[in-house]
Amino acid sequence: MRNAVAIMQRELIAYFFSPIAYVVLVLFLGLCGYLFTEFVFKPGGEASLRGLLDGWTMPIMLLFFLSLLGMRLLSEEFRNGTMETLLTAPVTEVEIVLGKFLGVGAFYLAMLAGTLAYAVLVAVFGDLDVMLLACHYLALILLGGLYLSVGLFFSAWTRNQLVAGLLAIVFLLVFSVLSQLVANQFEGWVRAVFQHLSIVTHYSEMIRGRLALDHVLYFVTTTAFFLFAATKVLESRRWR
Amino acid sequence: MISVKNLTKRYGPVLAVSDISFEVQAGQIVGFLGPNGAGKSTTIRILTCYQPATSGQATIAGYDVFTQSVQVRRQIGYLPESAPLYPEMRVREYLHFRGKLHGLDRAARDAAIARVTDRCWLGEFINRPIGQLSKGMRQRVGLADAMLHNPKVLILDEPTIGLDPTQIQEQRKLITELGKSHTILFSSHTLSEVERLCSHVIVIASGRILASGTPEKLRQSVSAGSRLIAEMKGPAEEIRRGVSAIAGVKKVDLDGRDGWQRLSIEAGDGQDVREPIFALSAARGWTMREMRREVASLEDFFVKITAEQRAQSGKR
């Protein structure tokens with residue numbers, strides 16, 4: 001576990017030097033600022049960040065941004081050859097995957113922390129519902145965790161960052177947008193299945209303030225699954 | 001310390017390493033010698049647990065590289081061929097990171113970093129970003145990293161590749177120095193290097209071990225029919241006839257220049273013909289200005305042995 005922390009710290013240092021990280025950070029905060037002034041910060045509006053977070057915009061925006069952050073996690077180590085020094089040190093694959101996930105996760109939390117300024121603005125001019133706000137941030141954290149774990153999983157497959165990023169984006173689009181579109185075409189149990197598969201369904205429910213266990217479990221288990229799968233892909237290099 | 005038995009590695013249909021076996025005793029410096037693509041790096045990657053073998057067994061300090069991978073990785077310090085590092089980190093940061101991975105606490109890391117900084121001459125650039133370092137400096141940082149946890153075994157893949165002559169000399173000095181306290185296996189395709197540094201040489205080409213032994217032993221196996229070079233002044237034909245007549249001389253080549261004749265003499269196995277040649281030149285009054293035995297180098301051996309290998313595989 002100490003190794004995972006060491007890898008996480010190294011990962012955070014790397015973000016300070018990564019142009020992609022800066023671009024993502026600036027674009028994300030800029031777009032959030034635009035959405036906030038456009039949909040939330042209005043006289044007579046609801047005193048919460050729902051206008052910023054509801055609908056498709058935020059999940060799709062994060063899908064692209066977090067895939068960009070996640071794609072380099074392991075691919076870059078393979079391309080630089082540093083995976084060789086990492087895997088020949090007494091470090092387990094679980095520690096590597098966990099350290100990487102925690103590192104990029106910490107960066108994502110820093111990104112989210114920037115948006116707290118908007119919550120403060122709402123609180124100053126209105127009566128902010130703190131419990132709803134907590135629920136919103138939990139939804140954002142769970143959603144981001146899932147996106148990043150998928151990015152990490154694909155980045156374990158290839159030394160090419162772009163391929164990893166594209167695969168993650170396509171995969172996530174299928175499980176957020178496409179499954180939602182398919183669900184809309186059907187009625188009854190088929191609709192229910194596809195809706196349950198869709199990431200956005202679970203996210204939207206939480207944004208509406210419905211903090212049910214099944215939504216949280218959906219995110220936690222799928223994230224855990226992709227982290228586990230990434231570990232196995234990495235481990236398989238020792239057997240092939 | 002290192003024991004390899006019948007190790008084979010295939011990449012699909014390509015046979016990279018074919019049934020090799022060797023032993024490295026504790027305290028030895030062993031050179032792994034072979035042309036590019038001979039299977040050196042593959043063998044090293046199997047020993048360092050980065051890649052699995054297709055079949056066969058390898059142990060380091062008694063631990064199996066396949067089933068006891070973590071224990072093996074605690075025993076070894078490894079410098080991969082290209083000395084991969086994180087360009088965005090500073091040297092000291094990087095060494096701290098690596099120290100943490102080896103489970104060293106803060107005080108132990110500081111002590112270890114001070115030790116390797118001193119031994120690998122990192123002093124001047126310990127606080128520089130790795131991305132700014134030259135190839136030679138990066139190699140030294142990689143080596144410092146390999147030594148950080150004071151491993152019993154150092155495995156170095158082409159530790160002098162890409163260095164300038166001064167750096168190569170420094171690197172060799174360092175390896176010799178390290179050999180006093182560590183068991184070292186290093187690969188190289190430079191023969192003079194292996195000849196100078198190693199107590200034991202393993203020659204490998206196209207995935208097979210062609211020879212192994214001390215550098216002297218390998219050299220002897222080529223120098224059996226060693227040559228004698230002599231230079232004397234006199235009529236070419238007479239010299240040729242005279243020298244050829246000496247018992248034990250198998251072949252004489254002459255090369256005349258400025259009145260001096262340069263003789264290249266091949267004698268039969270174990271025959272020393274230096275004395276009769278001197279006697280001859282003295283009797284005939286041919287001034288002699290040089291006579292020396294040409295000792296075969298590992299270079300000759302290497303060329304000879306890879307040529308044999310090629311001829312063999314050509315026949316098949």
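1. Helix 1 of chain B, residues 40-47, lies across strand 1, strand 2 and strand 4 (55-60) of chain B. Relative to strand 1 of chain B, helix 1 of chain B runs at about 115°. The model is predicted, and the remarks below should be read with that in mind.

2. The sheet concerned is an open one of 4 strands in chain B, ordered 2-1-4-5, with antiparallel pairing. Its edges are strand 2 (14-24) and strand 5 (63-64) of chain B; each has a single partner strand, so one side of each is left without a neighbour in the sheet. Strands of a sheet pair through backbone hydrogen bonds, in either a parallel or an antiparallel arrangement.

3. Within that sheet, strand 1 (residues 2-11) of chain B pairs with strand 2 of chain B in the antiparallel sense, over 7 bridges. For orientation in the viewer, B:L7 stands opposite B:I20, the latter in strand 2 of chain B.

4. On the overall form of chain B: it has 11 helices and 14 strands. The radius of gyration is 25 Å, well over the 20 Å that the globule rule gives for 316 residues, so chain B is more spread out than a compact globule. Along the principal axes, the C-alpha atoms of chain B fill a box of roughly 80 × 50 × 30 Å.

5. Of the 316 residues of chain B, 38% count as buried. Among contacts in chain B with a separation of 6 or more, 68% are between residues 24 or more positions apart.

6. Next, the contact between the chains. Chain B brings 21 residues to it and chain A brings 20 residues. On the chain B side, helix 2 (69-75) and helix 3 (91-101) each supply at least two residues. Helix 3 of chain B gives the most, with 5 residues. By class, the side of chain B that touches chain A has 12 nonpolar, 3 polar and 6 charged residues.

7. In chain A, helix 7 (residues 93-125) and helix 8 (residues 130-155) have axes that come within 10 Å and cross at roughly 145°. The crossing of these two helices of chain A is right-handed. Residues making the contact include A:V97, A:F101, A:V104 and A:Y108 from helix 7 of chain A, and A:L133, A:Y137, A:L140 and A:L148 from helix 8 of chain A. Glycines also take part, among them A:G105 of helix 7 of chain A and A:G144 and A:G145 of helix 8 of chain A. The residues of this helix contact divide into 11 nonpolar, 4 polar and 1 charged.

Terms used. Residues numbered from 1 in each chain as written. Chains lettered and ligands numbered in written order. Predicted model: local features only at pLDDT ≥ 70, side-chain atom pairs only at ≥ 80, totals over all residues. Contact = placed C-beta atoms within 7 Å. Nonpolar A, V, L, I, M, F, W, Y, C, P; charged D, E, K, R; others polar. Pairing = 2+ DSSP bridges. Axes fitted to C-alpha atoms, helices over the stretch in contact; angles between N-to-C directions. Rg over C-alpha atoms; globule rule 2.2 N^0.38 Å. Buried ≥ 20, exposed ≤ 12 C-beta atoms within 10 Å, placed from the backbone. Left-handed = near helix turned anticlockwise from the far one by under 90°.
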